[in-house]
Amino acid sequence: MKTKHNPIITIFWAIHLKLYQWSSGRIGNMLRGLPILLLITKGKKTGQLRTKALMYLPYGNDFVVIASNLGKDNHPAWWLNLTAEPNASVQIGRSHFTVHAREAQEDERESIWQALAQKTSDYEQYRSWTSRRIPLVILERK
């Protein structure tokens, strides 16, 4: 059953982002069995830099983030930003990386989804709440 978006979740992520930035990732670097990164994108409409804390799955030398938007029917703003400008940056702890985003397709997508499901059931739940195809986004280091 789909639940309404809880404003407490929005507040949690806003506080989490500030703590992560303040502590250079010493606070808030893991959540629900997955590590956290900060994704910095260029706003599609404004051109301003936007930072979002996201759980990720390590993928070789790269990172996979999931555009689940907590199971909402619309894509998250950070994914829309990446579709307009796929070059972005990532912060993990004190380390910064330049990345290029691409969406995982077909067999690669299925393999990643299975690895993700082994870590947490959250994304299966989000997938059941929406009819949209949730993008699995590979952030390739440049």
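Start with the order of elements: along the sequence, this predicted model runs α-β-β-β-β-α-β-β-α-α-β. Colour by secondary structure and the count comes to 4 helices and 7 strands.

**Whole chain**

Show the C-alpha trace next. Along the principal axes, the C-alpha atoms fill a box of roughly 35 × 35 × 30 Å. The radius of gyration is 14 Å, which agrees with the value near 14 Å for a compact globule of 142 residues.

Of the 142 residues, 42% count as buried.

Now colour the charged side chains. There are 20 positive and 11 negative ones, and the centres of the two sets lie 12 Å apart.

Contacts show how the chain is held in sequence terms. Taking contacts between residues at least 6 apart in sequence, 64% join residues at least 24 apart.

**Aromatic rings**

Select the rings of Phe, Tyr and Trp. How many aromatic pairs are there? The count is 3 aromatic pairs.

Go to Phe12 and Trp13. Their rings form an edge-to-face pair, with 5.3 Å centre to centre and 80° between the planes. Is Phe12 buried, partly exposed or exposed? Phe12 has 38% relative accessibility, so this residue counts as partly exposed; the range for that class lies between 20% and 50%.

Move on to Phe63 and Phe97. This aromatic pair is tilted, at 5.6 Å centre to centre and 50° between the planes.

Ring pairs link Tyr56, Phe63 and Phe97 into a cluster.

Is Gln118 buried or exposed? Gln118 counts as exposed because its relative accessibility is 72%, and the cut-off for exposed is over 50%.

Last, draw a distance from the C-alpha atom of Gln118 to that of Pro58. The two residues are 60 apart along the chain, and their C-alpha atoms are separated by 13 Å.

How values were computed: Residues are numbered from 1 along each chain as its sequence is written. This is a predicted model: local features need pLDDT of at least 70, side-chain atom pairs count only at pLDDT 80 or more; totals for chains, interfaces and linings use all residues. Side-chain values use heavy atoms; hydrogens and water are left out. Helices (H or I, at least four residues) and strands (E, at least two) are DSSP runs, numbered from the N terminus. The radius of gyration is taken over C-alpha atoms; the globule rule is 2.2 Å times the number of residues to the power 0.38. Buried means under 20% relative accessible area, exposed over 50%, partly exposed in between (1.4 Å probe, protein chains only). Contact means heavy atoms within 4.5 Å. Lys and Arg count as positive and Asp and Glu as negative; His and the chain ends are not counted. The place of a charge is taken as NZ of Lys, CZ of Arg, CG of Asp or CD of Glu. Rings of Phe, Tyr and Trp (its six-membered ring) pair if their centres lie within 6.5 Å; planes under 30 degrees apart count as stacked, over 60 as edge-to-face and the rest as tilted.
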